[in-house]
Amino acid sequence: MAVMGNKKSKVSDEVPSSSMADIAFLLLVFFLVTTTFPKDAGLAIVLPEQGEDVAVSQRNILHIVIQPNGIVDVKRGESPQVQQVRPEDVESIWRQDVAANENLIAAVKTHPDAPYRFMVDVLDALHTAGAERISLQILEG
Amino acid sequence: MAIKGGGFSRKSKTSSEVPSSSMADIAFLLLIFFMVSTVFQKDRDRPIEWPEAEATQKIDEKIKNILNIWVERNGDVFINDRPYAMTDIAATIGPLYAASDRALVISIRSDREVRYSTIDLLQQQLVAAGVMRVVFATEMEQRMTRERR
């Protein structure tokens, strides 16, 4: 009873499994290296201490007023002239003005009804421009 | 030269090597054990839409020194999965800040559409608690997405 097709092959019909652990480790290390926790990032600021009021000359203040619709009013010191810009334009304004006056302080005043993201946009622009003296306030009255 | 090899080279039948075939299994066992026993975060993510910023930087602080304050779109404030009234925040953060030896970093994780008055009240509470270092948590914004807007 010679059965056809029952010929034994000399080649093993199993997938070699000795390197499986190596492959698993390789994948593991790959994902370990490429995984990031993206949410632990943001814009760092330092809050003032309580009761810390510093009088600043109007000349050294760049008033940035954020309206609820996202329009930003920029006013320099005591001059009554108001410039209306987009949040991302604050970056170039800061760069120009800080070159003229290195003691400049950015006073960011946000309207109570303005969405948080507009304040973040302005803060982003100031951080991008390298500003460090930033005062966050709420628009009163 | 009468005795071959001085009589010291008797071959043992037992293998002199430590069996290494189960090493991978042991490694995986340890790995799974540490994966299961590691606690990463105390609080769960809340449903918020992140604000985006180009100048986003990684917080240079240990995870245990970062405290997340979540602000949802309707203005509700959560710390460690528990809701807090705005007026209780200073009293809650104060002891935590003192216990951390003034190293605590507060990460404000707020929805992008929250009214600014809420954030301002939160900042006032943090100032009252004596906190210095605050981070507005944002998502990295690519210049491409900005230009599309």
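1. Ground rules. This is a predicted model, where local features need pLDDT of at least 70 and side-chain atom pairs count only at pLDDT 80 or more, while totals for chains, interfaces and linings use all residues. Residues are numbered from 1 along each chain as its sequence is written, and chains are lettered from A and ligands numbered from 1 in the order in which they are written.

2. Confidence in chain A. The average pLDDT (the predictor's confidence in each residue, from 0 to 100) is 83 for chain A, with 89% of the residues at 70 or above. Strand β1 (residues 41–46) of chain A has the lowest mean, 86, and helix α3 (residues 116–128) of chain A the highest, 91. Helices (H or I, at least four residues) and strands (E, at least two) are DSSP runs, numbered from the N terminus.

3. The sheet in chain A. Five strands make an open sheet in the order β4-β3-β2-β5-β6 (chain A), with mixed pairing; two strands pair if DSSP finds at least two bridges between them. β4 (82–85) and β6 (134–138) of chain A are the edges, each with a single partner strand, so one side of each has no neighbour in the sheet. On average, neighbouring strands are turned by 25° against each other, direction ignored. Axes here are lines fitted to C-alpha atoms, for helices over the stretch in contact, and angles run from 0 to 180 degrees between N-to-C directions.

4. Inside that sheet. β2 (residues 61–66) and β3 (residues 72–76) of chain A run antiparallel, joined by five bridges, and Ile66(A) sits opposite Val72(A). α3(A) packs on the sheet, touching β2, β3, β5 (105–110) and β6 of chain A, and its direction makes about 170° with that of β5(A).

5. Chain B strands. β3 (residues 66–71) of chain B runs parallel to β6 (residues 105–110) of chain B, with six bridges; Leu67(B) faces Ile106(B) there. β3(B) also pairs with β4 (residues 77–79) of chain B, antiparallel over three bridges, with Trp70(B) opposite Phe78(B). β3(B) and β4(B) form a hairpin with five residues between them, and Gly75(B) in the turn has a positive phi of about 100°.

How values were computed
Two residues are in contact if their C-beta atoms, placed from the backbone, lie within 7 Å.
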